[in-house]
Structures are given as structure tokens and as C-alpha cells.
Amino acid sequence: MTGVSAAAAVRALAGRRETLAVAESLTGGLLAATIVEIPGVSAVFRGGLVVYATDLKHALAGVPEALLADRGPVDPDVARALAEGARSRCAADWGLATTGVAGPEPQGGRPVGLVYIAVAGPGRAVVRELRLSGSRDDVRTETVNSVLSLLVDEIAGSGGGMPG
């Protein structure tokens with residue numbers, strides 16, 4: 001499933017001559033690694049940030065410190081800010097973000113499997129909450145699948161980059 005979503009995303013971006021960047025927390029580089037497995041990806045993938053530590057979400061991705069202090073790293077607005085940060089800091093047309101709790105223990109009062117994914121593109125950003133189950137690897141893999149599927153949906157619905 002992941003390869004199919006990544007391939008679809010790369011094809012869609014290449015067809016539009018648009019670029020992509022990522023900011024990852026709980027996926028720890030898995031999203032970028034999945035994307036770069038696709039032949040021809042160098043035409044669209046700008047790069048990514050693995051911001052596992054909360055302070056790096058601010059320092060590298062530009063998430064406001066006050067937001068992180070008030071809500072913690074597992075939050076829909078943090079996901080949006082991560083995606084927007086990836087997009088702006090890597091000079092890409094689209095930014096993806098993942099943040100959440102992969103387990104095996106809850107984090108900061110947030111349950112295992114609570115994940116927020118975000119896509120920031122021309123004119124808008126969207127966030128989705130996921131409630132995933134399974135092992136740590138299952139949560140991380142399903143997060144990658146979900147954010148890539150969301151990207152493909154957003155590209156298809158963006159009408160040439162206009163706000164949705």
C-alpha cells in the first residue's frame with residue numbers, strides 16, 4: 001500500500017512539475033525513505049526534517065514555541081505548522097507532516113495511536129486525526145500510508161493549486 005501511495009504522489013507531482021518536502025516526528029524518517037524508493041523522485045522531492053524532539057519542531061520547522069508549550073507536540077495545529085514549515089523551509093510546493101504517539105506507552109496524556117497528519121499546499125493546509133491500533137511499526141506504517149493518500153487526494157482536488 002505504501003509504495004502505491006508514494007508512487008501515485010510522485011507521479012501526480014511530476015505531472016504538475018511541483019515539489020514536496022516533509023517534516024516528520026513519530027515516523028522518524030520513514031515517510032522520506034518511502035518517498036525516495038520511487039524511481040524519478042528526484043524531480044519532485046526537495047528533502048525533509050526529522051524533528052523527533054519537541055524543541056527541534058520549533059528550531060528546524062518553525063512551529064511556534066507558544067503552541068508547543070500550550071498544547072504539546074501531538075496536536076492538530078502543530079501538525080499544520082510542521083507541514084507549513086517543511087514547505088517553506090525546504091522551498092517546496094507541498095509539505096507533509098506527521099506527529100503522534102506510536103507507543104508502546106502513552107505520551108503527555110495522549111494515547112498510543114493518536115496521530116495527526118497534515119498536508120500544506122498552494123493556498124491551503126489540511127489536517128486529519130487518526131486513531132490507529134497495532135504495534136509501533138503498524139502505527140508508523142499506517143501514518144505514512146495515510147499522509148501519502150491525503151496528499152494524493154489534495155493534489156487531485158487542488159485544481160491547479162487554487163484554495164480548496
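In what order do the 5 strands of the open sheet stand?

## Sheet

The order is β2-β1-β3-β4-β5, and the pairing within this open sheet is mixed. At the edges stand β2 (45-50) and β5 (124-131); each has a single partner strand, so one side of each is left without a neighbour in the sheet. On average, neighbouring strands are turned by 15° against each other, direction ignored. The model described here is predicted.

## Strand pairs

Strands β1 and β2 are joined by 5 bridges in the parallel sense. Together with helix α2 (residues 30-35), β1 and β2 make a β-α-β unit that is right-handed.

Strand β4 (residues 114-121) and β5 run antiparallel, with 8 bridges between them. Opposite Ala118 stands Val127 of β5. In a regular strand, side chains alternate between the two faces of the sheet.

## Helices on the sheet

Helix α5 (residues 76-89) lies across β1 (20-24), β3 (94-100), β4 and β5, and runs at about 145° to β3. Helix α6 (residues 136-157) also packs on the sheet, where it touches β1, β3, β4 and β5. The direction of α6 makes about 30° with that of β4.

How far apart are the end C-alpha atoms of α6? They are 32 Å apart, which agrees with the 32 Å that its 22 residues should span at 1.5 Å a residue. The buried residues of α6 include Val139, Thr143, Val147, Leu150, Leu151 and Ile155. Arg140, Asn145 and Glu154 are also among the buried residues of this helix. An α-helix has 3.6 residues a turn, so residues three or four places apart point the same way.

## Thr19

Thr19 is placed in the loop between α1 (2-16) and β1. Is Thr19 buried or exposed? Its relative accessibility is 17%, so Thr19 counts as buried, the cut-off being under 20%.

Leaving aside residues up to four places away in sequence, Thr19 touches Leu13, Ala43, Val44, Arg46, Ala91, Ala92, Asp93 and Trp94.

## Confidence

The average pLDDT of the protein is 94, and 93% of the residues score at least 70. Over residues 160-164, however, the pLDDT is below 50. In the model this stretch has 8 contacts beyond near neighbours in sequence.

Terms used:
Residues are numbered from 1 along each chain as its sequence is written. This is a predicted model: local features need pLDDT of at least 70, side-chain atom pairs count only at pLDDT 80 or more; totals for chains, interfaces and linings use all residues. Side-chain values use heavy atoms; hydrogens and water are left out. Two strands pair if DSSP finds at least two bridges between them. Helices (H or I, at least four residues) and strands (E, at least two) are DSSP runs, numbered from the N terminus. Axes are lines fitted to C-alpha atoms, for helices over the stretch in contact, and angles run from 0 to 180 degrees between N-to-C directions. Contact means heavy atoms within 4.5 Å. pLDDT is the predictor's confidence in each residue, from 0 to 100. A crossover is right-handed if, with the strands pointing away from the viewer, the path from the first strand over the helix to the second runs clockwise. The expected span of a helix is 1.5 Å times one less than its number of residues. Buried means under 20% relative accessible area, exposed over 50%, partly exposed in between (1.4 Å probe, protein chains only).
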